[in-house]
Amino acid sequence: MTHLPHLIMDLGLILAAAGIITLIFKKLKQPLVLGYIIAGLLVGPHFALLPTVIETANITIWAEIGVIFLLFSLGLEFSFKKLVKVGGASSIMAFFEVVVMLVLGYLTGKLLGWSTMDSIFLGGILSISSTTIIIRAFDELGVKSQRFARLVFGVLIVEDLVAILLMVLLSTLAVSQQFAGTEMLSAVLKLAFFLVVWFLGGIFLIPTFLRRASKLMNDETLLIVSLALCLLMVILAAQVGFSPALGAFIMGSILAETTKAEKIEHLISSVKDLFGAIFFVSVGMLINPAVILEYAAPIAIITLVTIVGKVVSITGGGLVAGQGLKTSLKSGMSVSQIGEFSFIIATLGLTLKVTSEFLYPVAVAVSAITTFSTPYMIKYSEPLHQAIEKMLPNRWKASLNEYSSGAQTINTTSDWQLVLKSYVLNLVVYSVIIIALVLLSSQYLSPFLSNLISAPDWANMATIVITLLAMAPFLWALVMHHPQKEAQARIWANRNYRSLIIVLSFFKIGVAIFFIAFLLDRFLSVQVALVAGLGILLLLAFFSKKIQEFYIRIENRFLSNLNARELHEESKKHHSLTPWDVHLTSFTISPFSEAVGKTLVELQVREKYGMNVAVIERGDQTIMPPTRNERIFPGDVLYVFGSDTQMEAFRQFIETERPEEAVDSEKEEIRLQKLVLRPESFLVHMSIRDSGVREKTKGLIVGIEKKGQRILNPDSELVFEEGDIVWIVGSPSRIKKLHEMESTSG
């Protein structure tokens with residue numbers, strides 16, 4: 001008998017249990033993540049009624065792979081550009097939530113008598129909401145088009161980055177076992193440094209590589225290349241001391257800026273689903289029902305703290321950001337759960353062996369309860385808002401509306417703000433690049449050249465020259481590049497501020513000298529390094545024009561790659577007039593929508609729903625503004641302007657399908673069929689037009705063999721004769737009925 005490895009047996013058991021349970025959850029319209037967790041519980045070591053996984057260590061490895069692909073897919077949806085474009089309101093709301101939940105989680109843990117490390121990790125677990133569960137709930141309830149949903153998406157984007165930061169900080173804290181401010185600051189700076197390096201290097205190299213190799217790539221090669229890039233970044237992150245999951249997330253966010261992002265996301269989805277299922281099943285395998293029963297009271301308390309804390313913190317952040325009571329409350333009610341990142345943070349505590357074993361199942365139990373409650377929280381947010389609004393005094397409501405209107409006022413930016421912002425941004429970016437080049441030079445280039453060149457002095461000199469050539473464009477940009485020339489010129493025109501501009505210029509020169517000396521100091525004495533640094537800077541100034549041209553090519557390449565993907569989301573960017581509670585959103589027309597084939601005047605959008613269709617996107621064509629006689633086609637994207645109530649009524653109409661008699665309920669099979677005309681056939685001596693074959697079969701006669709002669713695409717006046725072989729493209733079932741009619745006529 002052939003021996004079957006335990007790993008395959010375990011995987012078969014896991015996937016079988018996951019498949020059965022998730023079918024049940026699909027039927028019950030519950031999140032599949034919970035189904036996977038329950039499946040893990042059933043095949044885990046704490047449930048004896050069913051077969052149990054034999055080698056849990058192997059499954060743990062597969063689960064780690066699942067985390068990598070899960071975060072890779074989250075990175076593909078993340079995009080650093082989206083983070084930059086997240087509004088101030090979402091950022092404020094996310095900041096409020098994370099800070100409040102970190103504090104509440106820590107205090108709750110301490111009140112329950114838990115250790116300091118358990119309490120800290122509990123705060124981290126409770127501070128991140130579940131992107132997957134929220135998006136699913138929005139889809140099922142049909143509220144994605146509402147204004148609060150756009151704010152929630154922004155909050156989730158910020159939370160994703162905060163979760164990555166928390167993983168780094170908690171890992172550092174777990175190792176040091178104390179609140180060492182310098183170590184925490186060092187960890188944050190290290191993370192920021194590598195994030196900038198990876199993002200800049202990734203955007204400069206990867207889109208160019210994908211573009212030049214696009215002709216050689218089909219779906220298979222693109223999938224392999226994407227996974228290879230993901231795992232290479234995982235290895236790189238692990239080498240510099242970060243979590244492998246962080247590397248996967250970063251590579252996903254880099255690929256999210258490329259034109260291949262949507263294709264990669266589609267190709268990776270099956271891989272992510274497979275390994276993600278294994279990860280969530282492994283989460284369930286770690287749950288001990290006895291522990292959950294033992295900690296039932298803490299679970300209830302933590303669940304209450306999670307729901308109330310998130311609702312209050314997000315609502316408060318929204319009010320501070322000027323989003324109004326209705327939008328803020330709906331946003332708060334939507335994010336009142338924990339999910340994927342919470343599991344990963346809980347796993348991190350177990351892996352580092354700094355948290356108690358009970359914390360993990362407690363976190364999973366809280367996640368399950370809050371996940372089940374999420375759709376109801378969203379559904380009842382409107383009634384709760386109405387109840388609160390009735391209770392509020394008119395004076396309070398007027399103050400809130402006035403504050404919301406004032407918060408939306410566009411503030412002008414002064415010239416000094418523009419100049420200082422550009423100076424700081426340039427200083428940070430170019431400093432990171434130069435430091436990275438110096439570190440790469442000393443760690444890799446210098447040892448390589450030392451092995452290649454026997455004389456140490458010549459090897460050092462070659463290292464310095466090569467590194468300086470690589471640094472030159474960025475040193476020039478640090479000293480000479482002024483992105484805000486017009487604003488700086490206006491400041492220079494005022495003689496009172498010229499001295500400040502001069503000070504800033506000398507400061508940049510000093511920083512450039514420091515970086516050159518920083519490089520030279522690794523190979524030469526300090527005094528020689530400083531003198532040589534000044535001389536090299538003068539030499540760079542002499543070749544300034546050529547260096548400038550080279551830098552501009554680098555910058556243009558980077559900006560071209562950064563903006564290569566046409567941000568379709570930008571065209572759907574949410575705009576709103578807060579005092580009026582109206583906003584712009586989009587709807588994609590289904591082929592089966594009741595609106596297909598009708599003109600705007602027939603739809604009566606303004607008369608029935610009080611809204612206007614501002615734009616229609618049809619493929620590459622943009623119709624703006626559409627006329628009243630413009631007809632709606634499948635796949636059209638309609639941009640409409642109105643309130644949440646109007647949007648919901650219009651959405652229900654748009655998503656209403658035509659009656660069943662107007663469309664076929666099933667897609668019919670189409671084949672090329674042969675029909676031989678016998679002497680008794682009713683078709684003999686009839687023309688194609690008069691025969692009614694087209695009407696009877698809903699098919700098309702594409703060819704006839706008549707007395708050995710082949711006629712392709714015959715004329716409709718051609719007359720059938722006995723012995724003709726007729727070729728028809730259509731449904732086999734309908735053409736079979738034509739055969740039966742012939743038999744009857746015979």
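## A serine in a helix

In this predicted model, Ser446 is part of helix α20, which covers residues 415-452. With a relative accessible area of 11%, Ser446 falls under the 20% limit and is therefore buried. Its C-alpha atom is separated by 8.6 Å from that of Ala462, which is 16 residues away along the chain.

In soluble globular proteins, nonpolar side chains tend to be buried together. Here the largest nonpolar core comprises 133 residues, and Phe242, Leu255, Phe279 and Phe341 have the most contacts inside it. The greatest contribution to this core comes from helix α12 (residues 261-285), with twelve residues.

When neighbours within four places in sequence are left aside, Phe341 is in contact with Leu71, Leu74, Ile128, Asp160, Ala163, Ile164 and Met167.

## Aromatic pairs

Six aromatic pairs are found in a search of the whole structure. In one of them, the ring centres of Phe193 and Phe194 are 5.3 Å apart and the planes stand at 85°, so this pair is edge-to-face. Phe193 and Phe194 are both buried.

The rings of Tyr295 and Phe358 form a stacked pair, because their centres are 4.6 Å apart and their planes are at 15°. This pair links distant parts of the chain, 63 residues apart: Tyr295 lies in the loop between α13 (289-294) and α14 (296-320), and Phe358 in the loop between α16 (340-351) and α17 (359-379). Both Tyr295 and Phe358 are buried, and together with Trp114 they form one aromatic cluster.

Notes: Residues are numbered from 1 along each chain as its sequence is written. This is a predicted model: local features need pLDDT of at least 70, side-chain atom pairs count only at pLDDT 80 or more; totals for chains, interfaces and linings use all residues. Side-chain values use heavy atoms; hydrogens and water are left out. A nonpolar core is a set of buried Ala, Val, Leu, Ile, Met, Phe, Trp, Tyr and Cys residues joined through side-chain atoms within 4.5 Å. Buried means under 20% relative accessible area, exposed over 50%, partly exposed in between (1.4 Å probe, protein chains only). Helices (H or I, at least four residues) and strands (E, at least two) are DSSP runs, numbered from the N terminus. Contact means heavy atoms within 4.5 Å. Rings of Phe, Tyr and Trp (its six-membered ring) pair if their centres lie within 6.5 Å; planes under 30 degrees apart count as stacked, over 60 as edge-to-face and the rest as tilted.
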